[in-house]
Amino acid sequence: MPIGPARMPLMDHLGELRRRLTIIFVSLFIAAAVMYVGTPAIIEILKMPIASYLPKGEELAVLTALGGFSLRFKVAMYAAVVICAPLILWQFLAFFLPALKPNERKWVVPTIFVGTFLFVVGIVFCYFIILDPAFNWLTSQSAAIGQIVPDAENYIRIILLFEIAFGIAFELPMVIFYLIVFNIVPYRFFRENWRVVYIVLMLICAMVTPDASPVTMFFMFAAMVVLYEVSLLLSRLVLAKRIQKQKQEESLELAPTETE
């Protein structure tokens, strides 16, 4: 797809942004229309990890006349976002691409592939690891109060929120990596302040987990800590020379000056 020049009048920049947003919205609309047809199969797949937590002999219940349409539309939109994720990421990166330096542009294509890969890994991790203990905790809390009505819209909405939350959370390594690569935040800061970072990650996990379950928060926190350490390791390997140079410069600055 064409990339605009680095220098353009403000209105041309706004026109470029509108063009790329139009491409995103049209792509999402087409993908959602296609996925709407297959939403019953998608819903069956989504509820597989939580099937044991449905009341015995019951299926998900649609409680309103428009409930089925609303649910299928939401599922189709979420599926469209996942499918169009590489295109969406490319459109945003292509808008800022002219402002990047030549040595920075080489990271654009890897960013699209890595960002999409991490998002999918987060979704898969949530599907196979998180949903089962999360619904176990949720249903145990509700069962102590009364009978659970398996509302299809509510159940699927919670599942989708879990999936999107973990998909976005798994983008952490890419964010940390680029903060270091573009020298926005030095490697030393992340390495020496790991305790502060861990506390911040814990607070983020407490805010973004849809069920506020300690089990879910622990799993997300553990995954994000691992991803954080992996991102630092990759940054150290890729930028070994720069990091070594920074250490040498800092040691020279701290060294006592020789008296004449």
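How many helices and how many strands does the secondary structure of this protein come to? The answer is 12 helices and 0 strands, where helices (H or I, at least four residues) and strands (E, at least two) are DSSP runs numbered from the N terminus.

Before we go on, a word on the model. It is predicted, so local features need pLDDT of at least 70 and side-chain atom pairs count only at pLDDT 80 or more, while totals for chains, interfaces and linings use all residues. Residues are numbered from 1 along each chain as its sequence is written, and side-chain values use heavy atoms, with hydrogens and water left out.

Of the 260 residues in the protein, 38% are buried; buried means under 20% relative accessible area, exposed over 50%, and partly exposed in between, with a 1.4 Å probe and protein chains only. Take contacts, meaning heavy atoms within 4.5 Å, between residues at least 6 apart in sequence: 79% of these join residues at least 24 apart.

Let's look at helix α10, residues 194–208. The expected span of a helix is 1.5 Å times one less than its number of residues. For the 15 residues of α10 that gives 21 Å, and the end C-alpha atoms are 21 Å apart, so the two agree. Which residues of α10 are buried? They are V197, Y198, L201 and C205. Seen down the helix axis, these buried residues fall within an arc of 100°, so they line one face of α10; the arc is that of the directions from the helix axis to the C-beta atoms. As a reminder, an α-helix has 3.6 residues a turn, so residues three or four places apart point the same way. On the other side of α10, R195, I199, L203 and M207 are exposed. The buried residues pack against α8 (172–181), α9 (187–192) and α11 (214–238).

That brings us to α11. It has 25 residues and reaches 36 Å from its first C-alpha to its last, close to the 36 Å expected. Its buried residues include M220, F221, M224, L227 and Y228.

Now for helix packing. Two packed helices are described by the angle between their axes and the distance between the axes. Here the axes are lines fitted to C-alpha atoms, for helices over the stretch in contact, and angles run from 0 to 180 degrees between N-to-C directions.

Helix α6 (residues 108–143) packs with α11 at about 155°, with the axes 8 Å apart. The pair is therefore roughly antiparallel; angles under 35 degrees count as roughly parallel, over 145 as roughly antiparallel, 65 to 115 as roughly perpendicular and the rest as oblique. Residues in this contact include F125, I129 and W137 in α6, and F219 and A223 in α11. By class, there are 10 nonpolar, 1 polar and no charged residues. Ala, Val, Leu, Ile, Met, Phe, Trp, Tyr, Cys and Pro count as nonpolar, Asp, Glu, Lys and Arg as charged, and the others, Gly among them, as polar.

α6 also packs with α8, at an angle of about 145° and with axes 9 Å apart. T111, V114, G115 and L118 in α6 meet P173, M174 and Y178 in α8.

And how do α2 (residues 39–46) and α3 (residues 67–83) cross? Their axes come within 10 Å and cross at roughly 80°, which makes α2 roughly perpendicular to α3. T39, P40, I42 and I43 in α2 meet L71, R72, V75, A76 and A79 in α3.
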